[in-house]
Amino acid sequence: MKFKHESIEINAGLLIALTMVVISIGGLVEIVPLYYINDTIEQVDGVRPYTPLELRGRDIYQREGCYLCHSQMIRPFRDEMLRYGHYSLAAESQYDHPFQWGSKRTGPDLARVGEKYSNEWHVAHLSDPRAVVPESIMPGYPWLMQPLEYADVGDRMRALKFTGVPYSETQQEYDANVTKFGQGVADSLNILRAEKNLVQQAQTGNYDGDRARLTEMDALVAYLQMLGTLVDFSKYDEGYFAEFR
Amino acid sequence: MSEAKTKQQGAVQTTGHAWDGDIQEFNNPLPRWWLWGFYASVVFAVLYWVIYPAWPVGKGYTTGLFNNITYTVNGEERSRHWNTRSLLVKDMQTGDEALKTKEYMQKVAAADYRQILADPDMMAFVRSVTKGLFGDNCAACHGSGGAGVMGLFPNLADDDWLWGGSVEDIQNTITLGHTGYMPGFARTFSDEQLDDVAHFVLSLSGHEVPADKVARGKQLFTGEGGGCYYCHTAAGTGMKSQGSANLTDNIWTIADVQGQTELTGKVDAVKTVIRNGVNRVMPTWQGRLDENQIKLLSVYVHELGGGQ
Amino acid sequence: MAEGTSPELYHARIPIYPRSVKGRFRTLKWGILALAYGVYFLIPWLRWERVVGIPQAVAFDIEARRFYLFDLVVHAQDIFWLAGLLVIAALLLFFVTGIAGRVFCGYFCFQTLWTDVYILIERLVQGERVARIRLDKQPWNGEKIAKKLLTHLLWLLVGFWTGFTFTLYWGNAPDLFLAFFTGAAPFPAYATTLFLMFTTYVMAGLAREQVCTYMCPYARFQGAMFDRDTLIVAYDEKRGEGDAGRHKIARGFKSKSDREVDGAGDCIDCGYCVQVCPTGIDIRNGMQYQCISCALCIDACDTIMDSLNWPRGLIKYTSDKAQHGEKTRFFTAKNIGYGVTLIATVVALIVSVVGHVPVDFNVSQVRQPLFVQMSDGRIQNSYEIKINNKTDRAVPFALEIDGLPSAELDKRQKQHLHEQPAQSLSLLARVRVNPQSLPASPAEFRFRVRPQDDTELPILEQSAFFHSAGNH
């Protein structure tokens, strides 16, 4: 039978199916190669998965919809470099599921907000932004001072492990992490010790300024304070990361 | 020509499809120039593939030809195929804005503080370029306008300076940092004594307070019992070398005296500070900021409101 | 689609060989063309004395963000004048189109002007319409190659000079001229020139009427401005066709009276009006979107009517109403509305240009912190002040405040500010005042900039607010 254009036009189901095939070609051609091209993820030291406390903070970040106003991707432009710091690397979000890149900046980019401001500042700012930044339009999040629920943090890590994040459960996985990240980080990635690690980090860091309580503020500030701090850029020369593009 | 003309004026072509019995679809030919435009865009795409990174090949990709970007790293010239990161490196080194900023920077670096402060043009540059530096490094504590936070971080916009308000003093503070320490007197003073000292301190800045308490407080302040005068001096004017506050003026950075309307509140505020002491740290920025950045910040902070 | 034929992939352009014509409208159009070309090509070379800036009567200095139009200097801040100019251009277009149809297309549009010149070149090199058709049909030989090559070379030359002249507006023409031909001009100069050369060549040489029929949006929407009173170029169908239609001059159809016997109209079907048409239409078929109202068919028909000693006007400017025996009204509500708005905009622009002050003065209070307590108990507010001197000389200014009796103004810089010509200055000013002397917060006061020489510059004022703690 001779193919007729008409048979597609009068058959809505077929039209939709073929349209999707055509459209997906563009995406496939652009995205799929990134999974096997060597240079996609830069060779860089220091990037590790989130600790249990940071992971809970990240979940709260998403729960509160921070990503609606804040991106976490500094683009390689002069103005962004001057304002936010070194441009973001693919390597830095390799353990992010889902990534928080975004392009909608109602608030500033947060990709390198870590260690820029003090914990106290973050606590004051998150509770009542205008107390520290009069011109801010950010809403306050005073309820973050409520106790943090962390009984399920192990399950959360297991879910991420399923997507490929190297959290460890078996001795073998743990040993692999020791080789890859070193003893200290490998310990923090151990799902079996997750709750203990979480409490310990909150105690040591005292992110919310109140050691007596373990709050959601602890988790969120711990997360914010590590954003963009894993890579020590002074170890790499100016042109190093361009070699991967 | 006549044939073409009949075509132009003749019946309209349709695709031959009909819906609902009478809805037809025109099948007008495209103008030739449009078709050429289409071919041209195909040619453009092919040229683009040649010049820019385009096709994935195995574990790499075609990098594009004739389109290298050259820049300097550690004094040695490097060249990469076209990519935005190399473009950025180049832009940061030799872009129009980079050169313009560099030129101004050199001018500022070569000038001394007196020259910078007297030149409106240089001052305008310092104010605009340093705003970002201040916002990145200082505003987290001191606020984006330098107003500080009562009880925690000093106000940089007023004319009272713990560690000195000349540009040189400010540069020194930024470079080396400071630790502002006052011991707590909870164990040294009884509550009554605390009350007396607080009254005396308030009297220094012209507050109307009972004279008997002032007299007792003064004894503790200037005597060995409290030893406050070691740092604050007997007159209470403070010492730049210790970073001790001038207690005789109207500015309070730790005890929120101004925020209180009643005298008892003011006394309590001062008492709390004497009881608990003060421990504040201004970090050192040497190593984190280069010499010129510190110079810019010194001028900027000096200009925030009350530089001496 | 006819059965059995394959569909056409594209619609080939039907070549048009416009024949030349002489007449009132052609003369008028040549006049407008000469004027337009004279202005466009010569203006950049007109010199103009200036203290600061390019000594050129009309120059657009992007780097200094200044446009020079004779004695008027337009700064970036005056960009709304451009908006005003565009509004005026649009309204003028609507106004004229409402009354007289596509006057812009037929007489003033650069597509029409440049196409006219390109056709002229074509005619001078290749000959009249018939010769050009023959040349196109004949096989490629020396003559054809030579003539075609010369035509395209001349087209490219005109295109080049067009693009180059455009470039000259953006710099100092003599300098740029020298730099351009010694290879020392900036890249954008070459890029702009080559780009415009290419587009001129393509649009006026190759695409021609297709620009109007396919590309130009204005051609398509001006129908919305037409009404039955609008002037259009139209064929007098009643007169031309008579009762029995048009008829060529032939035996028994020579004089008017002979033709009347057979009922033939005045149109002798010579086809001259079709041959001169730059868009290749037959005006006798009625109003068509391709018609750009260039009126060349009127000239053509008038020539024929004159030679026959018949009255002119078989093809003429008329309106739909006039064609139907009604009276044409130009002063319709729509046209009056366009006219009034047009005049109002022109007046507003003139007032704005004449009354503009060549010094900008701007005060904005520093918001963070809004106020600061000083050690002596006074309150300090800071203000970011910008003074932009747009004149061509140095002006000393004094900055003062008014409305805060006990206040101290600290400018840090000197008392008098010497503003260099055509430069802006920004400074921080601080105002300190004893809060007890303030009636309420915020207290309103004024900053004043006073020119210190005997200039005609006015004293500028900007109000500001004063805040203090306590009562707000």
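Contact here means heavy atoms within 4.5 Å. This is a predicted model, in which local features need pLDDT of at least 70 and side-chain atom pairs count only at pLDDT 80 or more, whereas totals for chains, interfaces and linings use all residues. Residues are numbered from 1 along each chain as its sequence is written, chains are lettered from A and ligands numbered from 1 in the order in which they are written, and side-chain values use heavy atoms, with hydrogens and water left out.

**Stop 1: a loop glycine in chain C**

Select C:G127, which sits in the loop between α4 (110-126) and α5 (129-137) of chain C; helices (H or I, at least four residues) and strands (E, at least two) are DSSP runs, numbered from the N terminus. Apart from neighbours within four places in sequence, C:G127 is in contact with C:E122 and C:R132.

**Stop 2: chain A as a whole**

Chain A has 11 helices and 0 strands. The C-alpha trace of chain A spans about 80 × 50 × 40 Å along its principal axes.

Within chain A, centre on A:P98, in the loop between α4 (78-84) and α5 (119-127). The peptide bond from A:H97 to A:P98 is cis, with omega near -5 degrees.

**Stop 3: chain B against chain A**

Bring chain B back into view. In this interface, 32 residues of chain B are in contact with 33 residues of chain A. The size of an interface is often given as the accessible area lost when the parts come together. Chain B and chain A bury about 2800 Å² between them, 54% of it on carbon and sulfur atoms; buried area is the accessible area (1.4 Å probe) that two parts lose on being put together, summed over both.

Across the interface of chain B and chain A, 9 residue pairs are in polar contact, both residues being at pLDDT 80 or more. A polar contact is a pair of N or O atoms within 3.5 Å; within protein, one must be able to donate a hydrogen and the other to accept it, and residues adjacent in sequence count only if both atoms are side-chain atoms. On chain B, colour β1 (14-19), β5 (60-61), β6 (69-73), β7 (76-80), α3 (84-94), α4 (96-110) and α6 (120-137), each of which supplies at least two residues to the side that touches chain A. The largest share of that side, 8 residues, comes from α3(B). By class, the side of chain B that touches chain A has 11 nonpolar, 13 polar and 8 charged residues; Ala, Val, Leu, Ile, Met, Phe, Trp, Tyr, Cys and Pro count as nonpolar, Asp, Glu, Lys and Arg as charged, and the others, Gly among them, as polar.

Next, display the charged pairs. There are 4 salt bridges between chain B and chain A, a salt bridge being a side-chain nitrogen of Lys or Arg within 4 Å of a carboxyl oxygen of Asp or Glu. One salt bridge pairs A:E42 with B:R85, with the closest N and O atoms 2.8 Å apart. Another salt bridge pairs A:E243 with B:R78, at 3.5 Å between the closest N and O atoms. A:E243 lies in the segment after α11 (216-226) of chain A and B:R78 in strand β7 of chain B, so this pair joins two chains.

**Stop 4: chain C against chain B**

Select chains B and C. Here 30 residues of chain C are in contact with 38 residues of chain B, and the two chains bury about 2900 Å² between them, 54% of it on carbon and sulfur atoms. The count between chain C and chain B is 2 salt bridges. Pick the side chains of C:E384 and B:R127, which meet in a salt bridge (3.2 Å, N to O).

On chain C, the elements giving two or more residues to the side that touches chain B are β1 (10-11), α9 (209-215), β8 (372-373), β9 (379-389) and β13 (423-433). Of these, β13(C) gives the most, with 5 residues.

**Stop 5: two positive phi values**

Finish with B:T233, in the loop between α11 (229-232) and α12 (263-276) of chain B. B:T233 has a positive phi of about 65 degrees although it is not a glycine. In chain C, C:F70 occupies the loop between β3 (66-69) and β4 (72-75), and its phi is near 55 degrees, again positive in a residue other than glycine.
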